[in-house]
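The model comes first, then the reading of it.

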Amino acid sequence: MNLRHNDGAPQFSTGRWQPEVDDTFDIILKSSTATEPPAGDTIVVTGTRTSGGGIVWSHATGGDPGGLTGPTGEITPPNDGEPPPPDESEIIITVQLNRTLTASEQQVLQNLQNAISAVDAAIRSLADNARITLYDGSTVTGAELKALWSKTDFTVNPDNTYYGTTNPQNRGAAILNGGDPQVFVNMWVLTDYAAHPDNSGLNYFVGHELGHLTQANQNHDGTAPDAAMRYEQMANDISRAIANSAGISVLPSEGTSAPTYGYSTPSALQFI
Amino acid sequence: MLKLIALLVISVISVSASPGVQRSESKLRSDCAKFVKSLDQPMHATARQLSGDELGGKPDGANFEGRPTYQIGQLRYFGAGVEATSTDRRFSKVRVFADQGAMHDCGYRVNFWPGPWNMLLGDVSSAAFRFERGRVTKPRTGTPGKAPASGPSPVITNFVSGARWPLSKSDGTIDFVQLMHPKNGSSETLIVRLDNSRSTVRTSILGKLPVRFQAIGLVPNLHSSGRMMNLVGKDPNGPYRSIVLQMPDGV
C-alpha cells in the first residue's frame with residue numbers, strides 16, 4: 001500500500017501517512033468551503049437503486065425509505081467524473097478539508113487508518129469459503145468480503161457535505177460505484193466514533209460500511225416491517241463478525257458505546 | 001535504630017489497616033474468589049421496555065422508525081429503552097460507573113442482553129447479564145465517560161457533576177455533554193451541554209430524567225438527524241436501565 005496524491009489533495013494509505021500538526025488539507029472540490037459547498041460541487045443523487053450493482057445507501061430512514069426501495073441514485077464521485085484509480089493493492093483515504101485540522105482531528109485520521117489496517121488484516125485472514133449466516137438466512141462469505149474490500153476507498157469530507165436528495169443528510173454514504181466501492185464520511189462522524197475506547201468506534205464504522213456493500217444487505221427486503229432497522233442491524237452484525245474473527249475491538253451490543261440500531265444477536269456471528 | 005524503624009512500620013500498618021478493614025477486605029477476597037468460579041454463569045433477568053411516560057417524556061406527535069416519540073427537554077425518546085432486574089444474588093453487587101459502565105464489585109464488566117434497540121423489535125427473550133472474563137484492575141485513564149478532575153465544570157445549585165462525553169463540532173473543537181446528580185442522592189438525572197467555544201463556558205440543560213443514569217456515551221446517528229445518546233444506570237438495590245435518546249442537530 002503506497003502513499004498517493006491526486007490533484008493536490010492529501011491521500012494516504014495504511015501504514016505510511018503521518019499527519020502533522022500544521023498540515024492544511026486542500027479540498028478536491030476546489031471552489032468549496034468547509035461550511036457550505038457551492039451547488040455545483042454538491043454530491044448529486046439521482047436514479048434508482050439496484051440490487052447487485054450500482055448504488056448502496058447506508059442512510060435510509062424509516063420516515064423516508066429512499067435507500068431501501070425508492071429512488072436513491074448515484075453519487076457523483078467528488079473528483080468531477082475522473083475515473084477512480086485502479087486500486088486493488090491500495091486503500092486510499094482522501095481527506096477533503098480546506099481548513100487546518102486540530103491535533104485531535106489528526107489523531108482521529110490516524111485512528112481511522114489504524115482501523116482500516118485492522119479490518120484489512122481481519123478480512124485477509126478469512127478463508128474464501130468462510131461464511132456467516134445472517135438473521136434472515138442470507139450469507140456473507142470471506143470471498144465476497146475480500147472482493148469488495150480489495151477496491152474500497154474512503155473519502156473524508158467537510159462536515160456540511162450533504163448526501164442524497166430524497167433523504168439529504170450530512171453524515172456519509174457507501175456506494176458500490178460500479179464495482180469500485182467508495183465510502184464517504186464527514187469529519188464529525190469520524191470524530192464521534194473515535195471517542196469510543198480501543199478504536200472500537202472506527203473499527204465498527206469501517207466494517208459497518210463494508211457490510212452495506214454486501215449482496216445480502218443490498219437484497220434486503222425494504223418493504224418488510226422494521227426494514228430500516230433490520231437493514232442497519234445486518235450491517236452492524238457483519239461489522240461485528242469481521243472484528244470478532246480477528247479479535248479486534250468493536251462497539252458492544254449494549255451500554256454507552258452501543259451502535260445505533262444495535263445488533264440482532266447477543267454475541268458476534270461466527271465465520272464457519 | 002532498626003528496632004525503631006520496625007516499630008514505626010508496625011505503627012503505620014496498624015493505622016492503615018484496622019482489624020475491621022482487614023476483616024472486610026478478607027471477606028471481599030473470599031466472596032470474589034467464589035464469584036470468579038461463577039463467571040461463566042449468566043444472571044438470568046426479566047426485562048421490559050421503558051415507556052416515555054416513565055422517563056418524564058411528553059408525546060410530541062412525531063415518530064421514529066414508526067414509533068411515537070416523546071420529548072424530554074430538547075431530547076427525544078422513541079422506545080429504545082430497557083429496564084431489567086435479576087433475582088441472582090450477584091445482581092446486588094452490580095454498579096454502573098461513569099468510566100467503566102456496569103461492573104461487578106469484584107472488578108468484572110457486565111453486559112446485558114437484549115439492549116435498548118432490541119426493545120423496538122419487542123425482543124425481551126433470553127434476557128440475561130453476562131460477565132466479561134478479564135478483571136479490570138484499574139480504571140481507564142483518558143477515556144471519555146469519566147468526569148474529568150480538571151477543566152470547566154457546570155455549576156447548578158444542589159447538583160453535582162457526573163459522567164461526561166465529548167461532542168465534536170464542525171470547526172474541529174469539542175463541547176461536552178455531562179450528567180448531573182442531585183446532592184441529596186435522589187434518583188434524578190440532569191443532562192447538560194457545556195459549550196466550550198466561548199471564553200466563558202456556557203451550560204445549557206438538555207433534559208431532565210426522573211431516574212438515575214451514571215454513564216453516558218454518544219454515537220453518530222448515520223440514519224436521521226443528530227446523534228444518539230446512550231445512557232446506563234442502576235440504583236442501589238434497584239433495576240438496571242439502559243436507554244437511547246435522540247439528540248437532534250443543533251441541540
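The sections below cover conventions, helices, sheets, backbone details and the chain contact.

## Model and conventions

This is a predicted model: local features need pLDDT of at least 70, side-chain atom pairs count only at pLDDT 80 or more, and totals for chains, interfaces and linings use all residues. Residues are numbered from 1 along each chain as its sequence is written, while chains are lettered from A and ligands numbered from 1 in the order in which they are written.

Helices (H or I, at least four residues) and strands (E, at least two) are DSSP runs, numbered from the N terminus. Two strands pair if DSSP finds at least two bridges between them.

## Helix packing in chain A

Helix 1 (residues 103-124) of chain A crosses helix 3 (residues 187-194) of chain A at roughly 75 degrees, and their axes come within 10 Å. Axes are lines fitted to C-alpha atoms, for helices over the stretch in contact; angles run from 0 to 180 degrees between N-to-C directions. Helix 1 of chain A is therefore roughly perpendicular to helix 3 of chain A. The classes are: under 35 degrees roughly parallel, over 145 roughly antiparallel, 65 to 115 roughly perpendicular, the rest oblique. From helix 1 of chain A, Glu105(A), Val108(A), Asn111(A) and Leu112(A) meet Met187(A), Leu190(A), Thr191(A) and Ala194(A) of helix 3 of chain A. Contact requires C-beta atoms, placed from the backbone, within 7 Å. By class, this contact has 5 nonpolar, 2 polar and 1 charged residues. Ala, Val, Leu, Ile, Met, Phe, Trp, Tyr, Cys and Pro count as nonpolar, Asp, Glu, Lys and Arg as charged, and the others, Gly among them, as polar.

Helix 3 of chain A also packs with helix 4 of chain A, at an angle of about 130 degrees and with the axes 6 Å apart. That makes helix 3 of chain A oblique to helix 4 of chain A. Leu190(A), Tyr193(A) and Ala194(A) of helix 3 of chain A form one side of the contact; Gly201(A), Leu202(A), Tyr204(A) and Phe205(A) of helix 4 of chain A form the other. These residues divide into 6 nonpolar, 1 polar and no charged.

## The buried face of helix 2

In helix 2 (residues 142-149) of chain A, the buried residues are Gly142(A), Leu145(A), Leu148(A) and Trp149(A). Buried means 20 or more other C-beta atoms within 10 Å of the residue's own, exposed 12 or fewer, and partly exposed in between, with C-beta atoms placed from the backbone. Seen down the axis of helix 2 of chain A, the buried residues fall within an arc of 135 degrees, so they line one face of the helix. The arc is that of the directions from the helix axis to the C-beta atoms. The buried residues of helix 2 of chain A pack against helix 1, strand 7 (139-141) and helix 4 (200-213) of chain A.

## Strands of chain B

An open sheet of 5 strands in chain B has the order 1-9-8-7-6, with antiparallel pairing. Its edge strands, strand 1 (43-44) and strand 6 (94-97) of chain B, each pair on one side only. Strand 1 of chain B pairs with strand 9 (residues 128-131) of chain B over 2 bridges, and Met43(B) has Phe129(B) as its bridge partner.

Strand 12 (residues 189-195) of chain B has 6 of its 7 residues buried, so it is largely enclosed by the rest of the structure. Strand 11 (residues 174-182) of chain B pairs with strand 12 of chain B in the antiparallel sense over 5 bridges, and Gln178(B) stands opposite Val192(B). These two strands form a hairpin with 6 residues between them; Gly185(B) in the turn has a positive phi of about 85 degrees. Strand 12 of chain B is also joined by 7 bridges to the antiparallel strand 13 (residues 202-209) of chain B.

## Backbone details

Trp113(B) and Pro114(B) are joined by a cis peptide bond, with omega about 5 degrees. Pro114(B) lies in the loop between strand 8 and helix 3 of chain B.

Tyr261(A) has a positive phi, near 80 degrees. Tyr261(A) counts as buried, with 29 C-beta neighbours inside 10 Å. Asn158(B) has a positive phi near 70 degrees, but is exposed, with 10 other C-beta atoms within 10 Å.

## Contact between the chains

The contact takes 39 residues from chain B and 36 residues from chain A. Strand 14 of chain B gives the largest share of the side of chain B that touches chain A, 6 residues. By class, that side has 19 nonpolar, 17 polar and 3 charged residues.

Definitions and conventions: Two residues are in contact if their C-beta atoms, placed from the backbone, lie within 7 Å.
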